[in-house]
Amino acid sequence: KNPTFELSEFSLVSSGSNISENEVSEVIKAFGIIGGWRKLGEVSNRMGSGIPDLNQVYKNATSRRHSAAHDATFQYNYAWLEQIENDIISIASVFDILLTARIRQINTNYGIRVDAHVIDNALNFRFLEAVPNSSQYRETTIISGRARKIWNDLDSALIALKPALLNRNEFLIILNEQKRITDWHS
């Protein structure tokens, strides 16, 4: 009965049902962040994603998703499916953090142009690193760096750290035992 839901033509990435790698670059450019996938890669490296080329990973994932959706004979390699989960989380976290950092900058000073803010000034990280064979987490400001505190569990750490993130202008990155991003908070 209801009409088909459509995004406004003024929405970001509203032109199709899939988001191309060029559209990802255009979204961050719309927020005054230059460098596209190169910038996403720089931030990803600072966060410890371990992905050498985010753009290529994104292209591969979209190509396989397209094949799976449109080729009845396509078969996924299960090892690839497990790996792509980590890659998707890394790409999503970097994209979200870049946009959130820019929005934070805009909210602190409406009087200057969006692209006049220096995005790197808003990219400060705190890490919770899973301690192998334990429920504990190490709080660090540099991956594998000196522990600021050892938390007995993730929930306790989140309850204590999340409220201060905005005031500290930080992002909290949760890393598993292999130092892969599993979650993030702003």
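Q: What makes β1 a strand that is largely enclosed by the rest of the structure?
A: Happy to start there, with the note that this is a predicted model. Six of the seven residues of β1 are buried, so the strand is largely enclosed by the rest of the structure. Buried here means under 20% relative accessible area.

Q: How do you know that β1 pairs with β4, and in which direction do they run?
A: Two strands pair if there are at least two bridges between them, and six bridges join β1 to β4. The two run parallel. Along this pairing, F125 stands opposite F171 in β4, and E129 stands opposite L175.

Q: What makes β1 and β2 a pair, and how do they run?
A: Pairing asks for at least two bridges, and four join β1 to strand β2 (residues 137–140). This time the strands run antiparallel. As an example, the bridge partner of L128 is E139 in β2. β1 and β2 form a hairpin with six residues between them, and N133 in the turn has a positive phi of about 55°.

Q: Why is the pair F125 and F127 called tilted?
A: Let's take the two values in turn. The ring centres lie 6.2 Å apart, and the limit for a pair is within 6.5 Å, so the rings count as a pair. Their planes are at 35°; stacked needs under 30 degrees and edge-to-face over 60, so tilted is the term that remains. Both F125 and F127 are buried.

Q: Why is the pair F125 and F171 tilted?
A: The centres are 6.3 Å apart and the planes are at 40°, so this pair is tilted. F171 is buried, as is F125.

Q: What makes the F125 and F171 pair a tie between parts apart in sequence?
A: F125 lies in strand β1 (residues 124–130) and F171 in strand β4 (residues 170–175), so the pair ties together parts that are 46 residues apart in sequence.

Q: Which residues form one aromatic cluster?
A: F125, F127 and F171 form it. The structure holds three aromatic pairs, among them F125 with F127 and F125 with F171.

Q: How do you know that the charged end of R104 sits over the ring of F171?
A: The charged end of R104 is 4.2 Å from the ring centre of F171, and the distance limit is within 6 Å. Elsewhere, K149 lies over the face of W151, at 4.1 Å from the ring centre.

Q: Why is β4 called mostly covered?
A: Six of its six residues are buried. Looking at each side, E170, L172 and I174 are buried on one face, and F171, I173 and L175 are buried on the other. In a regular strand the side chains alternate between the two faces of the sheet.

Q: What makes β4 and β5 a hairpin pair, and how do they run?
A: Four bridges join β4 to strand β5 (residues 181–185), and the two run antiparallel. L175 stands opposite I181 in β5. The hairpin has five residues between the strands, and K179 in the turn has a positive phi of about 65°.

Q: Why is I33 called buried?
A: Its relative accessible area is 2%, and the cut-off is under 20%, so I33 counts as buried. I33 lies in the loop between α1 and α2 (36–47). I33 and I159 are 126 residues apart in sequence and 31 Å apart in space, C-alpha to C-alpha.

Q: What makes up the lining of the largest pocket?
A: By class, the lining has 14 nonpolar, four polar and two charged residues. About 490 Å³ of space lies in this pocket. Of the 20 lining residues, the closest to the centre are I19, V24, Y58, A61 and T62. The elements that give two or more residues to the lining are α1 (21–30), α3 (54–70) and α4 (78–108), and α4 gives the most, with seven.

Key
Residues numbered from 1 in each chain as written. Predicted model: local features only at pLDDT ≥ 70, side-chain atom pairs only at ≥ 80, totals over all residues. Heavy atoms only, no water. Phe/Tyr/Trp six-rings, centres within 6.5 Å; stacked < 30°, edge-to-face > 60°. Buried < 20%, exposed > 50% of the residue type's maximum accessible area, 1.4 Å probe, protein only. Lys NZ or Arg CZ within 6 Å of the ring centre and 35° of its normal. 1 Å grid on protein atoms, 1.4 Å probe; cavity = no way out; pocket = protein on both sides within 12 Å on 5 of 7 lines; lining within 4 Å. Points joined across faces, edges and corners; volume = space filled by probe spheres on them. Nonpolar A, V, L, I, M, F, W, Y, C, P; charged D, E, K, R; others polar.
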